[in-house]
Amino acid sequence: MKVILAGGGTGGPTIPLLAVAEQLKKIQRDAELLFIGAGKQDEQLLAGTGIKFVATPAGKWRRYFSLANVADMFRILHGYFAAKKILKQFQPNVVFTAGSFAGVPVCYAARNLKIPVLMHQQDARIGLANKLVAPFADYITTAFARTAKEFHTGTGFEAEPKIRTEWTGNPVREDFLNSDIKHSRDFFHLTSDLPILLIFGGATGAAQINEVVLSALPELLNAHQIIHITGAGKKIDFNDPNYHQYEFLGPEMPDAFKIADIVVARAGLSTIAELSALGKVSIIVPMPDSHQEDNAEILSRTNSAVVLTHHEFTPETLARVIVSLKFNVKRCELLSRNIAQLMPHDSATRIAKIILERYGKQS
């Protein structure tokens with residue numbers, strides 16, 4: 001069984017691929033996996049997994065006039081031919097992608113070579129990359145139940161259209177569920193007498209979140225310990241024994257999630273899935289004018305997290321919400337229960353089984 005994992009570029013589309021890869025190797029140890037990605041961050045996330053990595057050129061198509069689109073057209077074309085060469089050499093049973101412009105040329109090359117494509121849709125709003133891949137995807141899995149209904153199942157003329165979508169939830173890596181709390185406290189040098197806040201803005205950080213947090217730190221540190229992931233090159237000049245700052249966390253990220261009492265984060269679907277798997281009380285700040293606003297709307301509507309818009313997210317509001325959660329046990333229990341029920345938690349295993357059952361017997 002040979003599987004290509006196609007995509008990457010940021011943690012969002014890479015993490016679910018790795019979660020499924022983990023389960024594939026667990027179920028079928030001799031499965032051969034190859035990750036075709038975009039660059040250094042993919043390599044960082046792949047470190048220690050044993051999965052081979054190949055970088056190919058990748059471009060992004062902007063839905064507005066930009067000269068960068070011209071240059072990126074050549075990158076996409078270059079990526080297509082590079083991917084086609086790799087696919088011919090590796091001869092996979094299937095290509096698995098989770099929504100990334102880096103994965104689009106790979107999927108088009110697979111289509112040309114008649115290799116099946118399995119596509120996973122994470123966000124509530126279907127992104128352009130997946131819109132480009134969906135028409136010829138052999139099978140589609142989704143994080144949200146309602147999203148599965150947005151993909152066509154056939155031409156519209158069949159008496160019984162072929163069902164090719166399935167709601168599975170979003171894959172979460174196994175280490176997020178198995179972290180040891182004592183080990184985690186020791187690693188981050190935390191005590192057991194103060195609650196812990198985990199604050200991060202996604203794999204690359206977020207300048208707005210960092211600025212708000214910096215202003216709110218003096219008040220927050222009166223009664224909390226803080227783990228803050230700022231993003232590469234975005235270090236904050238602030239020193240306090242209860243403030244623990246990191247530009248990036250790799251294998252230790254599950255530990256940070258596990259011990260956090262409250263998480264402040266963006267509304268990327270990988271993050272939401274991890275919060276759901278652990279039932280974490282969360283304050284979500286969606287990236288403005290993006291698909292994250294649709295994800296956050298679902299969290300708000302289901303009362304699964306406190307959602308603050310770009311304009312609402314101020315130092316004063318952040319401090320006030322954290323204090324209110326600290327003294328409202330019943331609300332915290334409700335938020336934890338609701339986010340835990342948001343989606344299935346065995347998504348990685350479900351998708352791994354779909355791959356093995358649908359494509360594992362091909363020659």
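**A buried aspartate and a pair of parallel strands**

Colleague: Which side chain of opposite charge is nearest to Asp255, a residue that is buried yet has no salt bridge?
Modeller: In this predicted model, Asp255 is buried, and no salt bridge is found for it. A salt bridge would need a side-chain nitrogen of Lys or Arg within 4 Å of a carboxyl oxygen, whereas the nearest side chain of opposite charge lies 8.9 Å away, and that side chain belongs to Lys258.

Colleague: With which side chain does the side chain of Asp255 make a polar contact?
Modeller: Asp255 has its place in helix H10, which covers residues 253-259. Its side chain makes a polar contact at 2.9 Å, and the partner is the side chain of Ser184.

Colleague: How many bridges join strand S11 to S12, and which residue in S12 does Ala265 stand opposite?
Modeller: Strand S11, residues 262-265, runs parallel to S12, and the number of bridges joining the two is four. Within this pairing, the residue of S12 that stands opposite Ala265 is Ile284.

Colleague: Are the residues that point either way from strand S12 buried or exposed?
Modeller: From strand S12, residues 281-284, Val281 and Ile283 point one way, while Ser282 and Ile284 point the other way.

Colleague: What percentage of the residues in the protein chain do buried residues make up?
Modeller: The protein chain holds 15 helices and 13 strands, and its accessible surface comes to about 16900 Å². Of its 363 residues, the buried share is 53%.

Note on methods. Residues numbered from 1 in each chain as written. Predicted model: local features only at pLDDT ≥ 70, side-chain atom pairs only at ≥ 80, totals over all residues. Heavy atoms only, no water. Buried < 20%, exposed > 50% of the residue type's maximum accessible area, 1.4 Å probe, protein only. Areas by Shrake-Rupley, 256 points an atom, 1.4 Å probe, with all protein chains shown as cover. Lys, Arg positive; Asp, Glu negative; His and termini not counted. Polar contact = N/O pair within 3.5 Å; in protein donor to acceptor, adjacent residues only side chain to side chain. Pairing = 2+ DSSP bridges.
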